[in-house]
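Please look over the sequence and the 3D structure shown below before reading on.

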Amino acid sequence: MCGIVGYVGDRNAFPILVNGLKRLEYRGYDSSGVALAQNGEITLYKKQGMVKAMEEFALAGDTSGSTGIAHTRWATHGQPSDKNAHPHVSNSGNLVLVHNGIIENYQALKELLQDNGFEFHSETDTEVLVNFIQFIQDQEHCKLRKAVRIALTQVTGAYAICIYDKNKPEEVVVAKLGSPLVVGLGINEKFIGSDATPFLEYTKDAIYLEDGEMATLTAKGEIDIRLIESDRAVNTQAHKLQMDLESIEKGGYDYFMMKEIYEQPRAIYDSFRGRLLAEQGIIKMSGLEEYADRFRNADRIIMTACGTSWHSALVAEYLFEEFARIPVEVEYGSEFRYRNPIIHKNDVVIAISQSGETADTLAAIKMAKEAGAMVFGICNVPGSTIARETHAGAYTHAGPEIGVASTKAFTSQVTVLTMMALELGKIRGEFSTSQYRALLNELSVIPKKVEKVLESKELVKEISALYKDASNVLYLGRGVNFPIALEGALKLKEISYIHAEGYPAAEMKHGPIALIDENMPVIVVAPNAGHYEKLVSNVQEVKARHGKVIAVVTEGDTEIVQSADHVIEIPETLEALTPLLTVIPLQLLSYYIAVMRGCDVDRPRNLAKSVTVE
Ligand code: F6R
């Protein structure tokens with residue numbers, strides 16, 4: 001986790017660094033800090049809490065300086081505090097470092113350094129790293145770049161680092177292994193970020209460092225990229241960034257989460273634009289076409305992901321098995337990587353990740369590749385590690401998702417996976433043309449239907465006010481809407497801190513029904529397509545025990561509407577596409593409940609947007 005920003009050039013570094021940190025707060029926000037090069041000295045400002053707290057603290061002092069590095073933290077080693085916040089300075093007072101990742105052998109390195117007289121003032125692995133670099137530099141009497149390189153060959157773990165020496169602040173050294181790092185190339189200035197958002201208004205030319213690479217940056221010079229292991233120079237071309245600034249700002253909404261909920265019609269449309277050609281009755285996905293034979297002949301598909309992305313894989317499991325008749329297994333990245341799974345060469349692995357940086361998903365991909373499987377990635381962030389590590393893939397094109405709770409990334413993942421399921425059904429000859437076309441046509445109008453669901457906002461707000469003080473909430477769904485029950489429960493617990501559980505509705509009788517009394521809200525996802533009659537009975541069972549039922553139903557519902565306490569309607573659609581509509585009221589419900597409980601919706605406690613540590 002954590003976000004890093006750096007600047008070397010002619011401008012005042014502080015505002016660039018602080019604005020950059022604010023954009024990276026989705027990566028962690030328990031403490032932050034800035035180091036500025038000022039007249040041969042390092043000026044350090046660090047504060048527990050959000051970037052704003054550190055900014056206010058720093059503005060009371062001198063914030064001049066045209067080289068600086070900065071960090072926003074999500075604690076791994078040592079609790080959030082001023083002293084554990086980055087940047088960390090070496091014992092000599094010369095070197096200053098920010099780091100995103102985990103140094104796994106930091107304890108052994110710390111003991112070595114302590115034996116050599118080094119002292120530590122924080123509990124972090126980062127302070128060990130900066131001192132280890134200093135230790136190497138003292139021994140080798142070498143330049144910073146060489147000391148960093150030698151030190152990193154002796155480090156195990158993951159890192160993106162940014163370091164400079166107070167005696168040569170015009171030169172900043174960066175390195176990457178397992179955590180993201182991007183360099184922005186301006187005219188007579190360089191920018192550094194965990195992603196490109198900190199420098200979007202200054203340059204669109206960026207270089208994404210690869211694992212095992214380091215670079216030396218000066219304001220005016222060419223960027224010097226080398227392999228850490230061999231010191232061999234690497235020739236890398238700059239990318240032109242496609243993002244714009246407006247897409248990462250709140251645009252009048254109170255929270256990014258609400259903005260992103262409202263962006264879903266557009267995000268879903270963008271994820272099928274140019275791919276779903278409804279008039280011609282075809283789907284064109286280049287990544288899929290390239291590996292059509294592997295998919296056609298696949299014995300099995302394994303989907304791997306974490307959190308909300310894992311829920312979209314569960315939705316896809318129903319669709320792939322239904323339409324393409326391929327057996328699908330859905331695996332948490334974290335479980336898959338550590339349990340010696342059986343992977344055959346004829347298996348196709350689909351890895352799903354909004355950020356493209358989730359450590360467990362990435363490790364699962366590496367393992368599947370080693371076993372000879374073809375790995376297809378579905379990511380939202382262009383150029384992300386997972387996008388680069390997979391053989392082929394499809395971007396979801398949902399645009400930057402900043403709110404920690406995933407919303408538009410989920411619906412765009414489901415859209416892409418739905419198109420894949422349809423196309424594979426066609427490739428494998430499992431589909432009649434009319435069935436295929438009907439689904440295609442219906443998918444093409446889903447954005448309009450999402451807009452319609454969003455009109456229920458005021459109703460959902462009223463319902464939220466009634467249940468905002470609940471201690472527990474149960475979510476029930478069946479078939480393709482069972483994962484939506486899981487997703488609704490996850491959304492509620494992560495942003496409102498209310499305990500919530502999702503269950504397949506029929507499983508209620510095997511345990512959770514014991515929880516139901518007049519204080520228990522039960523959210524039932526009950527569109528008219530698929531298992532509707534069974535859900536009618538489940539609603540009756542809840543009501544018979546005095547539970548409160550909030551049901552998501554299809555317009556014109558006649559049965560559930562009679563027994564539920566509240567109903568929220570979605571437009572009529574085909575069963576396979578209902579998740580794209582039923583999830584929307586659940587996102588709104590969790591949003592309003594969290595806001596009414598005074599929670600910081602975009603930055604829930606203990607969470608970070610990308611989990612780049614295991
Ligand atoms: C929940 C949420 C997380 C992520 C999970 C995977 O709202 O956002 O559960 O879905 O951390 O992240 P990605 O998709 O970036 O791999």
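From which domains does the shell around the ligand draw at least three residues each? In this predicted model, the shell takes at least three residues from domain 2 (286-444) and also at least three from domain 3 (455-614).

- The ligand sits in the second largest pocket, and the elements that give two or more residues to the shell around it are α10 (307-324) and α18 (482-496).
- Of the 14 residues around the ligand, the ones that come nearest are Ser309, Ser353, Ser355, Thr358 and Glu494.

**Polar contacts and cover**
- Ser353, which is among the residues that come nearest to the ligand, has a polar side-chain atom that lies 2.6 Å from an oxygen atom of the ligand.
- Lys491 also places a polar side-chain atom by the ligand, at 3.0 Å from an oxygen atom.
- In the case of Thr308, a polar atom of the backbone is 3.0 Å from an oxygen atom of the ligand.
- On its own the ligand has 410 Å² of accessible area, and the protein covers 90% of that area.

**Two places in the backbone**
- Most peptide bonds are trans, and most residues other than glycine have a negative phi.
- The peptide bond that joins His86 and Pro87 is cis, with an omega of about 0°, and Pro87 is found in the loop between β4 (67-73) and β5 (88-89).
- His141 is not a glycine, and yet its phi is positive, at about 50°; this residue is found in the loop between α4 (125-140) and α5 (144-153).

Key:
Residues are numbered from 1 along each chain as its sequence is written. This is a predicted model: local features need pLDDT of at least 70, side-chain atom pairs count only at pLDDT 80 or more; totals for chains, interfaces and linings use all residues. Side-chain values use heavy atoms; hydrogens and water are left out. A residue is near a molecule or strand if one of its heavy atoms lies within 4 Å of it. A polar contact is a pair of N or O atoms within 3.5 Å; within protein, one must be able to donate a hydrogen and the other to accept it, and residues adjacent in sequence count only if both atoms are side-chain atoms. Accessible areas come from the Shrake-Rupley method with a 1.4 Å probe; for residues, only the protein chains shown count as cover. On a 1 Å grid over the protein atoms alone, a cavity is a set of points where a 1.4 Å probe fits but cannot get out, and a pocket is an open set with protein on both sides within 12 Å along at least five of seven lines; lining residues have an atom within 4 Å of a point. A molecule sits in a cavity or pocket if more than half of its atoms lie within 2 Å of its grid points. Helices (H or I, at least four residues) and strands (E, at least two) are DSSP runs, numbered from the N terminus. Domain bounds come from an automatic or database domain assignment.
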